[in-house]
Protein chains: 2
Amino acid sequence: MHILITGAAGMIGRKLMTRLTKDGGLNGQPIDRLTLVDVVAPERPPGFNGTVELISRDLADDGAAAAVIAARPDAVFHLAGVVSAEAETDLEKGYRVNLDGTRELLDAIRRTGDGYRPKVMFTSSCAVYGAPFPDAIGDDFHLTPLTSYGTAKAMSELLLADYTRRGFLDGVGVRLPAICVRPGKPNKAASGFFSSIIREPLAGEEALLPVSESVLHTFASPRSAAGFLVHAASLTREQLGDRINLAMPGVCCTVGEQIEALRRVAGDTVAARIRRAKDDLVERIVAGWPHRFDARRALALGFTAEKDFDEIIRVHIEDDRGGRVAA
Amino acid sequence: MHILITGAAGMIGRKLMTRLTKDGGLNGQPIDRLTLVDVVAPERPPGFNGTVELISRDLADDGAAAAVIAARPDAVFHLAGVVSAEAETDLEKGYRVNLDGTRELLDAIRRTGDGYRPKVMFTSSCAVYGAPFPDAIGDDFHLTPLTSYGTAKAMSELLLADYTRRGFLDGVGVRLPAICVRPGKPNKAASGFFSSIIREPLAGEEALLPVSESVLHTFASPRSAAGFLVHAASLTREQLGDRINLAMPGVCCTVGEQIEALRRVAGDTVAARIRRAKDDLVERIVAGWPHRFDARRALALGFTAEKDFDEIIRVHIEDDRGGRVAA
């Protein structure tokens, strides 16, 4: 089996490669070839013995999508994208990468023809939703994004569904909840604190909490994100029907509950490394995000996330900290 | 006031021009200039004394959108589009006209900058919805189109909303119900019979009814369609909020009720000109269409359609038959 991953150098791309390499296959078929695409050079996955092709290109560039599709990968994980803040500050780049890049990829698949019909797993986002929200967002709630990032994701979902309906490919859109705990350095995303208030204390460092502890949000680990994508690849057209874009399950909890979980898992000393530093702008941005999902279809289709936030912290300690916590 | 109408040669474009010419203004401002664009040559509206520019061009062509926007029209009615059946048989043309044409237009407005921020009224369609449906489709029901036409309309709605949110323009997306009675010759659209079972009998001709009388659908007259667009132009950003794409109201009735209305308005002889000729394909296509809307927001914002199907028939007799019915 030949697998193409776009955005392979990103955090979820790397987590997915780790998972696929560990599994050694997808849907019961051994993986013998990986094509990894990203605008920055993707890394060769350690422990994978098949053919690996590393490509540094922007899919929206002329001919780039056709070039990566020419080898007819059996499964495509399309993760490439410009993040929310950048899509808002650089509108043209955001639409070019997040919409045109996706469309070029899907059109390259469509134009191949000749019976070629790969599975296409697309990472969408909860940013497709826009306030005001019901208490829990159901599967048939409309998409009214309040960012250009969310808009391009919602537009891409629609195209993916249409191309699936027309039989050019078998698509699944996976709307990720907040992925937490993100490994690595703190970033400037408004959502960054959800991860940093766990990650930094576990590493012995102070973290700033810019919002009140009553803020509610839905989380899944990076390991779950990779799991969603792998599970999505196993679903048949019959199971999915025409509505192929799905909100994923996650752990819904408050920031206060996040902190309590940290205390339970790692102790008082670690939890005491969180310092309250209210930031009204961040509080306001976060208030516009969806809080809770009633992800019935995804659960019925067998998607699973962590049971509680304690488990999300343990996954981070296991996967990203080699099991160690800074005392 | 300078008004641009795309798709000006189409049925709704002509009805809109008739309405605007009759009103002589829009939002209380006199209209002194009309720019009419269509791929086929639009006609100069009779009775309009201002400047008229007629342009035969495809908005998706390089530079076409920038050229029509260069004169900075105050209000843009964007009606241009390829119909449902053609977008399904010619996928590339459908997306090119219905998505790229819209995007080029909105991008031409965005790139103008310099404080230019026109009103943009966009004709979307109930084809943005896809079965299965609730009994009545509410304003927050998700868009899962089952045609490439509906997909491009839904994608365009999203872009219109994002560009409105970002302040490049003031957009309103108007999701039209079935427009009935369409004047003119019968066409091959699967929905054609909804109009022809009224129009042909009133003209003294036989009409075929391909579906059962229990089929339920929502209708508004061409006069109402023009009215929706004119009313949309009067709404402020404050009234609309961020959710600028709206399902329009209409008359929800069965085909049997359509026929009873025809009998009431025009008599038994006219109604007897409908011949039952079941067509399973048409019946199946129609079954996948939305039936009924709970268009609360549009009603609250002051959009109005006809009260009942009798009124829709009377509007047709008045506007398209000079008040005459073939005995």
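Author: A nonpolar core is a set of buried Ala, Val, Leu, Ile, Met, Phe, Trp, Tyr and Cys residues joined through C-beta atoms within 7 Å. The model discussed here is predicted.

Reader: Which residues have the most contacts inside the largest nonpolar core?

Author: They are A:M248 and B:M248, in a core of 196 residues. Leaving aside neighbours within four places in sequence, A:M248 is in contact with residues including A:V174, A:L176, A:F228 and A:F303.

Reader: Why are α6(B) and α9(B) called roughly parallel?

Author: The axes of helix α6 (residues 192–202) of chain B and helix α9 (residues 255–266) of chain B cross at roughly 20°. Angles under 35 degrees count as roughly parallel, and α6(B) and α9(B) are therefore roughly parallel to each other. Their axes come within 10 Å, and the crossing is right-handed.

Reader: What makes the contact of α6(B) with α9(B), by class?

Author: On α6(B) the contact is made by B:I197, B:I198, B:P201 and B:L202, and on α9(B) by B:Q258, B:I259, B:L262 and B:A266. By class, 7 of these are nonpolar, 1 is polar and none is charged.

Reader: Why is A:R165 called partly exposed?

Author: A:R165 has 19 other C-beta atoms within 10 Å. A buried residue needs 20 or more and an exposed one has 12 or fewer, so A:R165, with 19, is partly exposed.

Reader: Where is A:R165 placed, and what does A:R165 touch?

Author: A:R165 is in helix α5 (residues 148–165) of chain A. Not counting residues up to four places away in sequence, A:R165 touches A:D242 and B:L146.

Definitions and conventions: Residues are numbered from 1 along each chain as its sequence is written. Chains are lettered from A and ligands numbered from 1 in the order in which they are written. This is a predicted model: local features need pLDDT of at least 70, side-chain atom pairs count only at pLDDT 80 or more; totals for chains, interfaces and linings use all residues. Axes are lines fitted to C-alpha atoms, for helices over the stretch in contact, and angles run from 0 to 180 degrees between N-to-C directions. Helices (H or I, at least four residues) and strands (E, at least two) are DSSP runs, numbered from the N terminus. Angles under 35 degrees count as roughly parallel, over 145 as roughly antiparallel, 65 to 115 as roughly perpendicular and the rest as oblique. A crossing is left-handed if the near helix is turned anticlockwise from the far one by less than a right angle, and right-handed if clockwise. Two residues are in contact if their C-beta atoms, placed from the backbone, lie within 7 Å. Ala, Val, Leu, Ile, Met, Phe, Trp, Tyr, Cys and Pro count as nonpolar, Asp, Glu, Lys and Arg as charged, and the others, Gly among them, as polar.
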